[in-house]
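Good morning, and thank you for making time on the agenda.

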Amino acid sequence: MQATSYTYDPETRTGSVLLDDGTPVDFDAPAFDAGGLRLLRPGQRVRIEGQGEGAALRITLVTLQTF
């Protein structure tokens with residue numbers, strides 16, 4: 001699934017993304033660490049993986065979108 005980086009705190013390695021429908025979804029440090037990234041900037045397109053749907057969506061991986 002694709003999303004856009006919305007917020008990111010480098011101290012806690014947590015943040016949020018915006019899904020393509022504009023819904024914000026938070027991610028935790030383990031999800032960020034799973035993607036192998038060192039930094040995220042607002043507006044970057046990212047690929048996410050998660051469990052659940054809708055309001056129960058929990059992001060398990062955040063990494064850069066590659067084509």
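This is a predicted model: local features need pLDDT of at least 70, side-chain atom pairs count only at pLDDT 80 or more; totals for chains, interfaces and linings use all residues.

Alanine 3 is in contact with Val17, Leu18, Leu19, Asp20, Gln44, Arg45, Val46 and Ile48, leaving aside its neighbours within four places in sequence; contact here means heavy atoms within 4.5 Å. Residues are numbered from 1 along each chain as its sequence is written, and side-chain values use heavy atoms, with hydrogens and water left out.

Alanine 3 lies in strand S1, residues 2-9. Helices (H or I, at least four residues) and strands (E, at least two) are DSSP runs, numbered from the N terminus. Is alanine 3 buried or exposed? Alanine 3 counts as buried because its relative accessibility is 0%; the cut-offs are under 20% relative accessible area for buried, over 50% for exposed, and partly exposed in between, with a 1.4 Å probe and protein chains only.

Let me turn to the pairing of the strands. Strands of a sheet pair through backbone hydrogen bonds, either parallel or antiparallel. Two strands are taken to pair if DSSP finds at least two bridges between them. S1 and strand S4 (residues 45-51) run antiparallel and are joined by three bridges.

S4 in turn pairs with S5 in the antiparallel sense, over six bridges. One example is arginine 47, whose bridge partner in S5 is threonine 63. The hairpin of S4 and S5 has six residues between the strands, and glycine 52 takes a positive phi near 90° in this hairpin.

How many strands form the open sheet, and in what order? Five strands form it, in the order S3-S2-S1-S4-S5, with antiparallel pairing. Strand S3 (24-27) and S5 are the edge strands, each pairing on one side only. From one strand to the next the twist averages 45°; the axes are lines fitted to C-alpha atoms, for helices over the stretch in contact, and angles run from 0 to 180 degrees between N-to-C directions.

I come now to glutamine 65, which lies in the segment after strand S5 (58-64). Alanine 3 and glutamine 65 are 62 residues apart in sequence, and their C-alpha atoms are 8.8 Å apart in space. Glutamine 65 is in contact with Gln2, Arg45, Val46 and Arg47, again leaving aside neighbours within four places in sequence. Its relative accessibility is 18%, and therefore glutamine 65 counts as buried.

On the S2 side, serine 16 is found in strand S2, residues 14-19. Serine 16 has a relative accessible area of 5% and is therefore buried. Its side chain makes a polar contact of 2.7 Å with the side chain of threonine 7. A polar contact is a pair of N or O atoms within 3.5 Å; within protein, one must be able to donate a hydrogen and the other to accept it, and residues adjacent in sequence count only if both atoms are side-chain atoms. Not counting residues up to four places away in sequence, serine 16 touches Ser5, Tyr6, Thr7, Val25, Asp26 and Phe27.

That list brings us to the aromatic residues. A search of the whole structure finds two aromatic pairs. Phenylalanine 27 and phenylalanine 32 form a stacked pair, 6.3 Å centre to centre with 15° between the planes. Rings of Phe, Tyr and Trp (its six-membered ring) pair if their centres lie within 6.5 Å; planes under 30 degrees apart count as stacked, over 60 as edge-to-face and the rest as tilted. Phenylalanine 27 is buried, with a relative accessible area of 5%, and phenylalanine 32 is buried at 1%. Ring pairs link Tyr8, Phe27 and Phe32 into a cluster.

Finally, the chain as a whole. The chain has one helix and five strands, running β-β-β-α-β-β from the N terminus on. Of its 67 residues, 36% count as buried.
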